[in-house]
Amino acid sequence: MKGYFAIGCEGISKPMNVGALMRTAHAFGASFCFTVAPNTDEVDFGWSDTSSAAGAVPLYTYPDVAALDLPKGCALVGIELMEESIALPSFRHPRQAAYVLGSERGGLSPEMAARCDHIVQIPTRFSLNLSLAGALVMYDRLISLGRFAARPLLPGGPTEPLPPHVHGAPKFIG
């Protein structure tokens, strides 16, 4: 998969949520994680950090939205239940993206929402746990940008093998 992604949260107050989000980000291949204006200075992996995410995925902390510094060309994608949000299954993920979730109780601040290039929502009846919402967005990125065989029309696995990878420019037969 070409590109990179990062995931973070704004105003988070529960250290276990930061730890769970980082561990999941490590599993999905995130380049880095970040927090913006956290209400805690801790990251708590509890007993769940079997992948040693703390030593594998950098964590950047920014004091406020204005200080959030992303690489050039990196789109900021907010994850929030808002009227103008794009439903996640209909969203085309940018190749270079940083995803940001709001605080556990308040969501994204108006300043963060205004800074986002896109805002997506997971089509659920109510808000999900922060780390679960992050996991769903990372999974959706993987299945939509990754290289997988097409889903079959009938239940079960693929009936056709994954086509071979083509290197270089397209070749035209004619």
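1. In strand S7, isoleucine 119 is the bridge partner of glycine 78. Strands here are DSSP E runs of at least two residues, and helices are H or I runs of at least four, numbered from the N terminus. S4 and S7 (residues 118-121) pair in the parallel sense over 3 bridges; pairing requires that DSSP finds at least two bridges between the strands.

2. A quick word on the source: this is a predicted model, where local features need pLDDT of at least 70, side-chain atom pairs count only at pLDDT 80 or more, and totals for chains, interfaces and linings use all residues. Residues are numbered from 1 along each chain as its sequence is written, and side-chain values use heavy atoms, with hydrogens and water left out.

3. S4 also runs parallel to strand S6 (residues 96-101), joined by 5 bridges, and isoleucine 79 stands opposite leucine 101 there.

4. How enclosed is S4 (residues 75-79)? It is largely enclosed by the rest of the structure, because 5 of its 5 residues are buried (under 20% relative accessible area, with exposed over 50% and partly exposed in between; 1.4 Å probe, protein chains only). Ala75, Val77 and Ile79 cover one side, Leu76 and Gly78 the other.

5. Do look at helix H4 (residues 130-145) too. Its buried residues, including Leu130, Ala133, Val137 and Arg141, pack against strand S1 (4-10), helix H1 (15-28), S4 and S6.

6. For the whole protein chain, you will find 4 helices and 7 strands, in the pattern β-α-β-α-β-β-β-β-α-β-α. Buried residues make up 38% of its 174 residues.

Note on methods:
Contact means heavy atoms within 4.5 Å.
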